[in-house]
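Try each task with the model open, then follow the worked solution.

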Number of protein chains: 2
Amino acid sequence: MALKKKPVTGMKDMLPREMEVRDYVIGLIKETYKDFGFSSMETPCVEHIENLCSKSGGDNEKLIFKILKRGEKLKLDTAETEMDLIDGGLRYDLTVPLCRYYSNNANELPSPFKALQMGNVWRADRPQRGRFRQFMQCDIDILGEPGNLAEIELILATTTLLGKLDFRNFTIRINDRKILKAMAAYSGFAESDYDNVFIILDKMDKIGLDGVAAEMEESGYAKDAVEKYLNLFKEITNDVAGVRFCKEKLEGFLDAETADGLELIISSVESAKEAEFKMSFDPTLVRGMSYYTGTIFEISMDEFGGSVGGGGRYDEMIGKFTGQNTPAVGFSIGFERIVMLLLERGYELPTTKPKKAFLIEKKMPAEGMLKVLDLAKKERAAGRQVMIVNMKKNKKFQKEQLAEQGYTDVTDCYADSIDQL
Amino acid sequence: MALKKKPVTGMKDMLPREMEVRDYVIGLIKETYKDFGFSSMETPCVEHIENLCSKSGGDNEKLIFKILKRGEKLKLDTAETEMDLIDGGLRYDLTVPLCRYYSNNANELPSPFKALQMGNVWRADRPQRGRFRQFMQCDIDILGEPGNLAEIELILATTTLLGKLDFRNFTIRINDRKILKAMAAYSGFAESDYDNVFIILDKMDKIGLDGVAAEMEESGYAKDAVEKYLNLFKEITNDVAGVRFCKEKLEGFLDAETADGLELIISSVESAKEAEFKMSFDPTLVRGMSYYTGTIFEISMDEFGGSVGGGGRYDEMIGKFTGQNTPAVGFSIGFERIVMLLLERGYELPTTKPKKAFLIEKKMPAEGMLKVLDLAKKERAAGRQVMIVNMKKNKKFQKEQLAEQGYTDVTDCYADSIDQL
């Protein structure tokens, strides 16, 4: 079989320039989140196919890279369906594996458990610009904490990180699934219609209030309900006052605690935040995943023109593994989008060490080599990154290449002038 | 399908305690290798099945996790062999993907290219204690440098790293495939027998000189050749003098440059090394992979009772992709073994920040919460990792748990004494 030079379809070779930014961001993420009391943890990239196909993954379950059974377990002759041939798959997110991990290791974990995960996930999506079939996810989750302290800490940690990366003037949009439902109930929609109503509502930022109204009428919903529903959105402001308005208006449909909790989250974050951003109560925020049970939130950034992260509360997912529900809330940042934005922006890494190169003449004798190695050791001890390379015929071009890598301080080392080094 | 709590067979959930050590070691590896001029790079975890089955992987090719074709490409009905169903696999090492990467990206890479790779690899090995089917590999490679400067830098960088992790008194055993071959030729073995001769020689440290002699005679090799061969090993010393002895004794079978190069490597490393270890010329060192073409080396550590890393020169592997050979040499450290040794040793991380916890009374009002969030911000600014948690009924047990995580400095925060915080 002929060898292939390109990476597999939809996946990417990471060049050194991008890796430098990635390594820096990874380091900063770990440091920042650990400062907020989160602990690193990791699950295998391969997960049981049963867990991946448990309906927690939504559409991602259609995009699984599936792994063939091995050895005697593989029965090609008698296999009737794909499932007879496979026993695992590459994880498509970090949340399903986290729930399995927690159910497997809860006895050895603190409670609440503040988890930090960074790892690749795989989705066999149609390849398109800027989206890859293997990409890094970066999630923080708090498991075992029912109170809104969890949401507050997740949002503070995430926004502090973004601030350290020089992102400003972004918005954290926040809502609660219970408010979504209360608004639909108040307006008179049937519970069985909620999912579809929210799918239409989710298009608000693209098609506007009129577009949403039109689609809802097309779907055959009562004009009264649609009008009552959309009038709510006209009245609700995107701040704490909006939350209070919901609390009053939706009385009987909405627990007072839900509104009070949301108000506490917004006001606490606004008061304690370490970065320049805005909290915005957004009653049109839906978020796709069906597993969310309470608060939901998303990072909007004008620069990017879309979401660069999001999360929410999913109090019923761990229970699928353990039989007992455990409060859980997570925040995932779009690592790849953030790296892309930094690269586009020509982000200067703040922590790069100075670089120093030694060019060695080809016929350098052993004692000259030792001298250079010794000088290199001293340069490293003084905090520099040191490159030693053999001199090429086209020294000018070689130096240009080195300069591109940041090695502008270059010493030529010749055999007949070792003493002068 | 029932959900499964355990990770897939042979793979491992990483608990926070182990992750702390892993994160620290990863950070130190990146910093140290970058100081030696290496650049991070990454390939996708999924590789073309053609590349994985190109006979460069030796026995690892039998252990591939294979990935099913997707969508319309999957033809279950007409598939005759496994290969009809799959198009990719999880990489079993970082060397094959590196060669593909270099062949795909050489135009955008400096020459020589000093690559640093850290990433998971997968092998469906029989599960056994301390060996897992997913494990981290950590390789440095220098591509495009024919001279022995490459070996010297790889060994210095690797041993400097081990020194920083407080490993001492280990040995770098070094040999050259060309010396192996010259010794066999000098003794009168037929070239077609070399591979088998080396397989037997490789058992020297387990079965000794007599055992090797016995196996060689069993294999039917001429007594003369075996005797001449084994006498060589009795005469060769494990130092530069041993290399010089080979150079003289094997004249006509061995290029003088090979011996001179090996001597230069050993003496340069001994002179410039930054850690406490020994270079040892070991003519019995074989290393399994068939792709090595020149120098080969291995780290021996008494603590571990085996190899914790190794590498060598493989000048002909990139040519399989490009049609043109490119000098290449790499050094891989056994990341998982190193982490295991550190954990067993109860290694204290030198860079851990001090930790501070706040326990909040459950009924804390918003203003109290804000006060604590503000104090936490100040503690982080002062360089501490801060944990804020809601107080539990069994506060004593909660504090014991926190202490286990390193949070011994704990402040109780009550609503009625916010002012005193």
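**Exercise 1.** Find R287(A) and decide whether it is buried or exposed.

*Solution.* With a relative accessible area of 17%, R287(A) is buried, where buried means under 20% relative accessible area, exposed over 50% and partly exposed in between (1.4 Å probe, protein chains only). Next, look at its partner: the side chains of R287(A) and E298(A) form a salt bridge (2.9 Å, N to O). The term stands for a side-chain nitrogen of Lys or Arg within 4 Å of a carboxyl oxygen of Asp or Glu. R287(A) sits in the loop between β8 (277–281) and β9 (295–301) of chain A and E298(A) in strand β9 of chain A, so the pair ties together parts eleven residues apart in sequence. E298(A) also counts as buried, at 14% relative accessibility.

A word on the background: this is a predicted model, in which local features need pLDDT of at least 70 and side-chain atom pairs count only at pLDDT 80 or more, while totals for chains, interfaces and linings use all residues. Residues are numbered from 1 along each chain as its sequence is written, chains are lettered from A and ligands numbered from 1 in the order in which they are written, and side-chain values use heavy atoms, without hydrogens and water.

**Exercise 2.** Find which residue of chain B meets D13(A) in a salt bridge.

*Solution.* The partner is R100(B), at 2.7 Å, N to O. This pair crosses between chains, from the segment before α1 (16–35) of chain A to helix α3 (residues 95–105) of chain B. Now check both ends: D13(A) counts as buried at 9% relative accessibility, and R100(B) is buried at 0%.

**Exercise 3.** Work out the strand order of the open sheet of three strands in chain A.

*Solution.* The order is β13-β12-β14, with parallel pairing. Strands here are DSSP runs (E, at least two residues), as are helices (H or I, at least four), numbered from the N terminus; two strands pair if DSSP finds at least two bridges between them. β13 (385–390) and β14 (409–413) of chain A stand at the edges with a single partner strand each, so one side of each has no neighbour in the sheet. Five bridges join β12 (residues 355–360) of chain A to β14(A). Finally, look at the side chains: D409(A) and K356(A) form a salt bridge (3.0 Å, N to O). D409(A) is partly exposed at 35%, whereas K356(A) is buried at 7%.
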